[in-house]
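Subject: Structure handover

Hi,

Here is the structure for your files. My notes on its contacts follow below.

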Amino acid sequence: MNAPAPAGGSRRLFLKTGLAAGGGLMLSFGWAAEGDAAPAAAVNAYIRIAADGTVTIVSKNPEIGQGVKTSIPMLVAEELDVDWSAVRIEQALADQGVYGRQVAGGSMATTLQWDELRRVGAAGRQMLIAAAARTWGVPASECATSPGRVRHLPTGRELGYGALAAQAAAMPPPDLKSVPLKDPKDFRIIGAPTPGVDNRAIVSGQPLFGVDVRIPGMLHATFAKCPAFGGKVARADLAAAKAVRGVRQAFVVEGGTALDGLLPGVAVVADGWWAARKGREALNIAWDEGPAAAQSSQGFARRAAELAAQPPHRTLQADGDVDDALKGAAKVVEAAYSYPFLAHAPLEPQNCTAWVRDGKVEIWAPTQNPEPGRQLVAKTLGVAAQDVTIHMTRCGGGFGRRLNNDYMVEAAWIARAAGAPVKLIWSREDDIQHDFYRPAGFHHFKAGLDKAGGLVAWRDHFVTFGEGEQYARSAGMNASQFPSRAVANYRIDVSTMPLGVPTGPLRAPGNNAFGFVIQSFIDELAHAAGEDPLKFRLKLLGEPRLLGKPGEGDSFDTGRMRGVLELVGEKSGWGRATPKGVGLGVAFHYSHLGYFAEVVEAAVSPEGAVKVRKVWVAADVGSQIVNPSGALQQVQGAVLDSIGQTLGQQIVIEAGRAVQSNFHDFPLLRMADAPPVEVHFLRTDHPPTGLGEPALPPLPPALCNAVFAACGRRIRALPIDPAALKTA
Amino acid sequence: MPYRIKVNGRERTVDVDGDTPLLWVLRDSLDLPGAKFGCGMAQCGACTVHVDGAPTRSCVTPIESVGKAAVVTIEAMSADPIGARLQDAWVNLDVPQCGYCQAGQIMSAAALLARNPNPSDDDIDAAMNGNLCRCATYLRIRQAIKHAARGGKAAS
């Protein structure tokens, strides 16, 4: 799920204008193939300026806590030149035909919209200037704007945007490619710390989230699925469920076999959720477990060790001659690393409200990715995609879990069967035990150092899940990660084993694991070379240069990484003496177009308990931080999220099912364990990129490297096991 | 059977089974969706309300155990001086990310400040450790509680 390339020159952004209700200016945008006329139907009313000067900007992307409902409209408001306090934000319906990409994934919102949506805002400003110039009979070049007003500079006359809106609607939209944009030094909104637009509603308990949806006549549902992945319902005591007070219906859903579709299970529909849950408990379901019931984490680890000892199934990338270079190396270092399955556990459990009437489906859902949900619902229910309407609610967390819309199709199916609007809410146990997990993985490294401690060969035999050339979802590897192209002899081999457990992207997919194994092993190499871990990394990065081709998603700028690595070293006081049992660890990682280096100070007690005392982050995400408040939140949140994962989270598979079930055995970080996280943004002359994910991957290795510095024990498997660190 | 409970200063009657958790009475019967469902076993604190002033996990509080106690939810916090200060601090310091846990966080924080108007970091950690934030906004939560404790004034 790394960044898709921004749309190239084959399409053009177009603008449409119109009169808003009440006589204001309405601006819509869309994309057409280069050379084609703008389609007649495309009106998204993206910006509306009312006669009273109120500005409405549509938030088109799903909001999962990454802050796009605030930061993206900030881009528009800046170039439109209005006061942020005059702006109202309206959540869009899911409709990619009208709004373009509507996905919370890949940290791509800023990257993709930084240029385009500022141009839309700037075009609106030009039209308001044109309307004022016509009113006054003066050249537009004599007019300027201050927030919400156009001013004729020679005479000092002014008109508010509201007064100009109706006339502006009649002006021809300017050419978006050449519309003038502000000089960043004149930004007033971009770069100003701006609280989230939903904050007041959130802190007063207003209904914003999927679980809060309430439709008149609505019923409440639970849905029980087989604990072992891929199983079916053999028997269920539907009568017992129906005997529970408040239960209206109980029925078996046949479902299919695709793990990301409608699965078999038993639905209970009741007057309230608690009754639906009690009904579910009365079902006494017998399951017909599928072939995955023979799978286990232990079995995977055993099989991975066997595969690692055999020739790999295939080679992903081979530069130079690794075997030859290892033979000639002064020192060879070998290590095996592994990491577990992980659940997403967004705090709002999966839920969806659906209403099926007259062959049409209306959905209210917290989703990161509504369009595939629409397709899934349409296909499963046998209705046309255009007959599925999706309201995107605020999401109580996403982390990649809600890129899948399994709960959406369940709600739609149950609602149709129930003949009423139905709100389906999963229990936390449903959520932890029916996730699309971050796949576990196994890496077998071998590297060679020359006499001077330089890296001459790097080999990783990655054992992962899949069959043949096909990886399980999110279980593949981008072989061009650093140190690819920085070492002459480099080879990534891969072997796969079959998996019946559903997997999918988790915040910084792939990278959240590869950062750990690569930067931990590099730390081992630094120690083997007898060098300081930070200096060893700088040497490995070498002179500032681009590895790979400019503009390619996997190109890597060693200069940008050096910049953040040097900065984090300086800010953390790298190299200073630490008390006994305390150590500093460093790591860097590039993902989602962002360059991040982190230092962790951690203490390890004689009993093996790890305490993170402080984290320093240096980040390069380009020339501009759009919303410094949200940006800091994303970085601190990713770091703390990752501390929780590294210290205690794992999903263990036994008999084809997840052992863990709730927060007592899948622990999230708590406040008392949250250390200060000091964040420094290094501004560089590159386009701004996203922040939801790239701060996460360097944390696990920086923490594990700090543990090594503190107590001399190397962590090669996550989560950290205190028993293995015990010295007392 | 019918239960009479006092919620946000009003007497309310609900007809549910006695084992129904207060959380689901508030959300499904009384249309007070501010308290959130997160875990169902008092692990996350998203469902926190006040019962006679004490922060209480409503997801494990059967309606039959509430009796005559005064139940207060996030929906009533803007009318409470401490609650309003906390809400303002939360908004202005931009605490929420996804926001789902924040009603529960504020309810725990309000109970803390009611008994300890000037809490230390350790006091805050102890009072707030039962409230999970999956987005990990803990650093800002701590800051906002201190800000509200100072009456909304900046640190000197």
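In this predicted model, 11 residues of domain 2 of chain A are in contact with 13 residues of domain 3 of chain A. On the domain 2 side, A:Phe229, A:Leu259 and A:Phe399 lose the most area to domain 3, together 57% of what that side buries. The area buried between the two domains is about 890 Å², with 56% from carbon and sulfur atoms. Their centres, taken over C-alpha atoms, are 38 Å apart.

For the bounds, domain 2 of chain A covers 213–290 + 350–425, and domain 3 covers 298–341 + 438–725.

Polar links between domain 2 and domain 3 of chain A: one salt bridge, and four residue pairs in polar contact. The side of domain 2 that touches domain 3 divides into six nonpolar, two polar and three charged residues. A:Glu289 and A:Arg657 pair their side chains in a salt bridge, at 2.7 Å from N to O.

Now the chain interface. 60 residues of chain A are in contact with 54 of chain B. About 4900 Å² is buried between the chains, and carbon and sulfur atoms give 55% of that. The interface has nine salt bridges. A salt bridge also joins the side chains of A:Lys278 and B:Asp17, at 2.8 Å from N to O. Residue pairs in polar contact across the interface number 35.

Which elements of chain A give two or more residues to the side that touches chain B? They are helix 5 (199–203), helix 7 (273–281), helix 12 (428–433) and helix 16 (628–648). Helix 16 of chain A gives the largest share, nine residues. By class, that side of chain A has 29 nonpolar, 20 polar and 11 charged residues.

Best wishes

How values were computed. Residues numbered from 1 in each chain as written. Chains lettered and ligands numbered in written order. Predicted model: local features only at pLDDT ≥ 70, side-chain atom pairs only at ≥ 80, totals over all residues. Heavy atoms only, no water. Domains from an automatic or database assignment. Contact = heavy atoms within 4.5 Å. Buried area = accessible area lost by both parts, 1.4 Å probe. Salt bridge = Lys/Arg side-chain N within 4 Å of Asp/Glu carboxyl O. Polar contact = N/O pair within 3.5 Å; in protein donor to acceptor, adjacent residues only side chain to side chain. Nonpolar A, V, L, I, M, F, W, Y, C, P; charged D, E, K, R; others polar. Helix = DSSP H or I, 4+ residues; strand = E, 2+ residues; numbered from the N terminus.
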